[in-house]
Amino acid sequence: MSGSKNERIKETGSIRRRAENIYKVKEVFSSEDNHAMTPEDIKHTIHELRVHQIELEMQNEELRLSQTALDAARARYFDLYELAPVGYCTVNQHGIILEANLTASTMFGNSREALIKQPLSKFIFKDDQDIYYIYLRLLFKQDRKELWKARKSEPCELRMQKKEGIPFWVHLNAVSIQDADDELICCVTISDITIYKEAEETEKKRQKAETDLAEVKIAADLLSVEKEYLQDEIKLESNHEEIIGQSDALKYVLYKIEQIAELDTIVLVMGETGTGKELVARAIHSLSLRKQRAMVKVNCAALSATVIESELFGHEKGSFTGSYSKHLGRFEVAHGSTLFLDEIGELSLELQSKLLRVLQDGEFERLGSSRTIKVDTRVIVATNRRLEDEVKKGRFREDLWYRINVFPITMPPLRDRNEDIPLLVDFYIKKIARRVGRDISIIPQEVMDTLQSYHWPGNIRELQNVLERGVINSSGQKLHLVDTLVGLGGELTRRSSDKEIKTLEEVERDYIVQILEKTDWKVSGKNSANEILGLNRSTLRARMRKLGIEKNIDL
């Protein structure tokens, strides 16, 4: 830059000297002493004049070309700077605008003259002022020489505003440089990114809508499964939570139910088959804080080992042969509610370990998925087995036993609630008679004595079946029993007080064998053993295996 300037100075000096020489020559020709010049001097002078004239013409042409190039450069500058697609501003350390292009003035809705010497903060949206001042301090916080040498750009996104106060999003990119006075200034590039921000916001709304839709779909799936489950539950007794009786043994159970209902503690309900363990679970749920949603039930004895895992934890589509769609497990369906696991002693050891993890951490994975699902489910378990003995035999995990044995409730057998039998008979007779369209209002004393004298190995479930058969076969208002309720020795039994004392397992085994022989070993179907005993077919077979009951016949 300085070299070209010196050359122009020298060239100007040379032109001036030549002009002075020409002027002197003209003075010579115009003076009275021009006759003193010789012809040779005149010839030489004329030659010099012509050479100088040609030089001047060439210099004029160079000046004309330079002016043309300058005009073209100014036009390019105007296109590149003034009409650039982004705004350019130069600001000093105090944020004062020193220079701005036409695009910047158009962005702000002001003339360029109105922008000069104005603080840039004047055009920053009020809610983003703090962002701008932090950005300005960042631009000028380093040593000016280091900044100038590094030419490092600093980006920032914020909202600026037009003259009318209308905000718009911009992307700022500033580079620190030194001016002619060695002062640090910043050249700021301003890009309007409002369209991109609006597109970004639209994309966020779209993603949120998709997330909400997915959540709605999950909720819809849950509702669909719960609806299907509730439709099955409608088939159950409408007043399941009502436990009938006034015996001390039953009152103690009700006291325990009220004691634990509002807590989320795991409850272990124990008792013989048919004593009403599910009624206890439903009573706990109906008194809990989760009663707004339906209690979900799983009978662990009614499902095979391959099915129970999918039933409890769910599976993804294609996770195994026959899984044509995603299936929500009962733990997911019971999220926010209560899950009742009946006959937990029938679970395999492998499933017991998975159940232990859910009870401890509240999380699991669906079959065929690696995504961990967390649930908030209150668990109530029930069994008719002595799980302590199962632990000793290695058929039940000791850690799971300690995990579920937090608050045990034992449902007493019907033979220990003899004084409750009249209340139960009255309740079930009215209910059954209304259902089958009969009017039974008289229960003979001898019938009641027979019912109270019987041992009831099948407990309340067996009582219901006996009463239903009696109502169906009674033609008038008086109840007639069709079953001969006798003990194993052929006499009426009252807790076998005058008989040889047997264990509960022995009594149960003998009674099941008696019913099987009575039905010609017909396990399921009409007038079968499971119908008389009031047991599920799978449960009856499981009890037969446990008790060692075998018959060489196709069951």
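How many salt bridges does the count come to by the rule used here? In this predicted model, the count comes to 28 salt bridges.

**View 1. A salt bridge between Arg330 and Glu311.** The side chains of Arg330 and Glu311 meet at 2.8 Å, N to O. The two residues belong to distant parts of the chain, 19 residues apart: Glu311 sits in helix H10 (residues 305–313), and Arg330 sits in helix H11 (residues 330–333). Arg330 has a relative accessible area of 17%, so this residue is buried, since buried means under 20%. Glu311 is also buried, because its relative accessible area is 16%.

**View 2. A salt bridge between Arg385 and Glu346.** Here the N to O distance between the side chains of Arg385 and Glu346 is 3.1 Å. Is Arg385 buried or exposed? Arg385 is buried, with a relative accessible area of 13%. Glu346 has a value of 24% and is partly exposed.

**View 3. A salt bridge between Arg357 and Glu365.** The side chains of Arg357 and Glu365 form a salt bridge at 2.7 Å, N to O. Arg357 counts as partly exposed, with a relative accessibility of 28%. Glu365 is partly exposed as well, and its relative accessible area is 26%.

**View 4. A network of salt bridges.** Which residues are linked in this network of salt bridges? They are Glu157, Lys197, Glu200 and Lys204. Side chains of opposite charge can pair when their charged atoms come close.

**View 5. Strand E10 and its covered faces.** Strand E10 is mostly covered, and five of its five residues are buried. On one side are Thr338, Phe340 and Asp342, and on the other are Leu339 and Leu341. Both faces of the strand are covered.

**View 6. Strand E10 and its pairing partners.** Strand E7 (residues 296–299) pairs with E10 in the parallel sense, over four bridges. In this pairing, Val296 has Leu339 of E10 as its bridge partner. E10 also pairs with E13, again in the parallel sense and over four bridges. Which residue in E13 is the bridge partner of Leu341? The partner is Val381.

Technical notes
Residues numbered from 1 in each chain as written. Predicted model: local features only at pLDDT ≥ 70, side-chain atom pairs only at ≥ 80, totals over all residues. Heavy atoms only, no water. Salt bridge = Lys/Arg side-chain N within 4 Å of Asp/Glu carboxyl O. Buried < 20%, exposed > 50% of the residue type's maximum accessible area, 1.4 Å probe, protein only. Pairing = 2+ DSSP bridges.
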